Amino acid sequence: MAAAKYIVGNWKLHGSVQENAARLAALKAGCRSDVALAVCVPFPYLAQAQQALQGSAIAWGAQNVSEHAKGAFTGEVSAAMLTDFGCSCVIVGHSERRSLYGEDDATVARKVQAAAAAGITPIVCVGETLSERERGETAQVVTRQLAAVLVHVSTETKRHMVVAYEPVWAIGTGLAASEEDVREVHALLREQLERAGAANARLLYGGSVKASNAKTLLNIANVDGALVGGASLNAEEFLEIAQAARA
Ligand code: PEP
């Protein structure tokens, strides 16, 4: 039997205690256990997510993690701190972190290793910008980003990590990548993972996934789930995406 699809919500910089309470309650009430669901919430809301989702089929996690374990790193949050709040996953190397906060491939690789060492599944984002795509560099960019991680992490980490292909031009634009693009890039990434001894690592697609296109995207070969930004802020729509993953 094929493994359940993995659907992860990225709340980004959104939410309030009140808003989250309603969303988390709706998710808990509407989720079923045959799809693996997770929400990655802002750091201050991890305790709230833990309290609301404990005992449900929905996991929770963060959107960033420090590469450091402890010390004089003001503003950072370590992987061990995330485990204190029951996080099972963390998004690493999101394009917004790469472009707005200067995270390079080497930093991303260290963060992946730090998360995995603490027993948290790193969801490693790779993806090309619009100009890289227009220059025909998609394959080169995504394989470079993934290779930077694969060379730095242990075999065990490679097996358990999740990779999300998120073309930057598709994030938050309402314009998802075409089936052909997703099929091609996921096949390429799968081959790269196989060569690295990580054939079973899960490969997600992210970039304007919505209830209306989820079924098509989730049915493409080598798509094991989705990383969902905007649409994950609406519990009903996020649950519809989960439903599409089930079908
Ligand atoms: C994301 O931020 O990871 C993302 C995929 O966003 P959206 O679904 O809004 O495109």
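The ligand site

A polar backbone atom of G230 lies 2.8 Å from an oxygen atom of the ligand, a polar contact being a pair of N or O atoms within 3.5 Å. This is a predicted model, in which local features need pLDDT of at least 70, side-chain atom pairs count only at pLDDT 80 or more, and totals for chains, interfaces and linings use all residues. Residues are numbered from 1 along each chain as its sequence is written, and side-chain values use heavy atoms, without hydrogens and water.

Side chains also take part. An N or O atom in the side chain of K12 is 2.6 Å from a ligand oxygen atom, and for the side chain of N10 the corresponding value is 3.4 Å. The protein covers 95% of the 290 Å² of accessible area that the ligand has on its own (Shrake-Rupley method, 1.4 Å probe).

Around the ligand are 14 residues (a heavy atom within 4 Å), of which K12, E166, G172, S208 and G229 come nearest. This shell comprises four nonpolar, eight polar and two charged residues, with Gly counted as polar and Asp, Glu, Lys and Arg as charged.

As for the protein as a whole, its C-alpha trace spans about 45 × 45 × 35 Å along the principal axes.

Note on methods: Polar contact = N/O pair within 3.5 Å; in protein donor to acceptor, adjacent residues only side chain to side chain.
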